[in-house]
Amino acid sequence: MYRIREVDGFDDDFGDVIADLHRLTFFGSAPVPELDVGHWWLAYHDGLAVGFGGLVPSAHVRNAGYFCRVGVLKRHSGNALQLRLMRCMEARARSNGWQCIVSDTTDNIISANNFIRAGYRLYKPEYPWGWANTLYWRKPIRLEGRRFRDPVSCRGDD
Ligand SMILES: CC(C)(COP(=O)(O)OP(=O)(O)OC[C@H]1O[C@@H](n2cnc3c(N)ncnc32)[C@H](O)[C@@H]1OP(=O)(O)O)[C@@H](O)C(=O)NCCC(=O)NCCS
């Protein structure tokens, strides 16, 4: 049984756990992000942290969250933990009043398929921030009981 919990990335203990999971899932291919910014979640199995995810304010899109990192230990992969972490991020983005979540994947079919499962659409930012082969994803956040808030403003880059 898996449980997802939002944690304080600023807290040293949680920060250490996230940094360890980052090392065990990215193997040095990406730097550990700043954990004192944004929102962070841990996925637990039998009380042990087995996955993490982070959502920070987008530096590129106004009033949007940027799904910046996710990692799941290999022996726990295949349990839709990325998808479950993404659902938590959407709820947080909604309560923050953000109009959308943006993200990107580069050569990552497993993660890209999870963006499709979660209802994200591919888009082309005006000022792409990744590599030539990076895919950019975007999902408008539906506010409770209302239609999408001005989805057009979600398209503009800073
Ligand atoms: C991307 C990632 C978080 C997805 O983990 P997940 O939520 O457990 O993946 P899913 O449940 O969607 O798994 C889908 C399928 O891919 C397989 N899979 C997932 N991660 C895998 C991995 N690292 N290696 C091999 N196969 C993997 C699953 O076993 C599953 O196969 P199945 O359909 O035959 O059961 C995870 O692969 C990971 O941590 N990768 C390394 C870090 C990374 O690339 N992060 C994303 C970029 S920020």
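User: What share of the contacts in the chain with a separation of 6 or more comes from residues 24 or more positions apart?

Analyst: The share is 62%. Two residues count as in contact when their C-beta atoms lie within 7 Å. Keep in mind that this is a predicted model.

User: What makes the chain as compact as a globular protein of its length?

Analyst: Start with the elements. The chain has three helices and seven strands. Its radius of gyration is 15 Å, and the globule rule gives 15 Å for 158 residues, so the chain is as compact as a globular protein of that length. Along its principal axes, the C-alpha trace spans about 40 × 40 × 30 Å.

User: In which order do the seven strands form the sheet?

Analyst: The order is β1-β2-β3-β4-β5-β7-β6. The sheet is open, and its pairing is mixed.

User: Which strands are called edge strands?

Analyst: They are β1 (2–7) and β6 (121–123). Each pairs on one side only. Pairing takes at least two bridges between two strands. Neighbouring strands of the sheet are turned by 30 degrees against each other on average, direction ignored.

User: How many bridges join strand β3 to strand β4?

Analyst: Seven bridges join β3 (residues 48–57) to β4 (residues 64–72). At least two are needed for a pair, and the count here is seven. The two strands run antiparallel. P57 stands opposite G65 in β4.

User: Do β4 and β5 run parallel or antiparallel?

Analyst: They run parallel, joined by three bridges. A64 stands opposite C100 in β5. The chain crosses from β4 through α2 to β5, and this β-α-β crossover is right-handed.

User: Why is that crossover called right-handed?

Analyst: Because, with the strands pointing away from the viewer, the path from the first strand over the helix to the second runs clockwise. Here the helix on the path is α2.

User: Which strands does helix α2 lie across?

Analyst: Helix α2 (residues 81–96) lies across β1, β2 (39–45), β3, β4 and β5 (100–106). It runs at about 155 degrees to β4.

User: What makes β5 mostly covered?

Analyst: Six of its seven residues are buried. A residue is buried if 20 or more other C-beta atoms lie within 10 Å of its own. In the chain, buried residues make up 34% of the 158 residues.

User: Which strand do seven bridges join to β5?

Analyst: That strand is β7 (residues 134–140), and the two run antiparallel. D104 stands opposite Y136 in β7.

How values were computed
Residues are numbered from 1 along each chain as its sequence is written. This is a predicted model: local features need pLDDT of at least 70, side-chain atom pairs count only at pLDDT 80 or more; totals for chains, interfaces and linings use all residues. Helices (H or I, at least four residues) and strands (E, at least two) are DSSP runs, numbered from the N terminus. The radius of gyration is taken over C-alpha atoms; the globule rule is 2.2 Å times the number of residues to the power 0.38. A residue is buried if 20 or more other C-beta atoms lie within 10 Å of its own, exposed if 12 or fewer, and partly exposed in between; C-beta atoms are placed from the backbone. Axes are lines fitted to C-alpha atoms, for helices over the stretch in contact, and angles run from 0 to 180 degrees between N-to-C directions.
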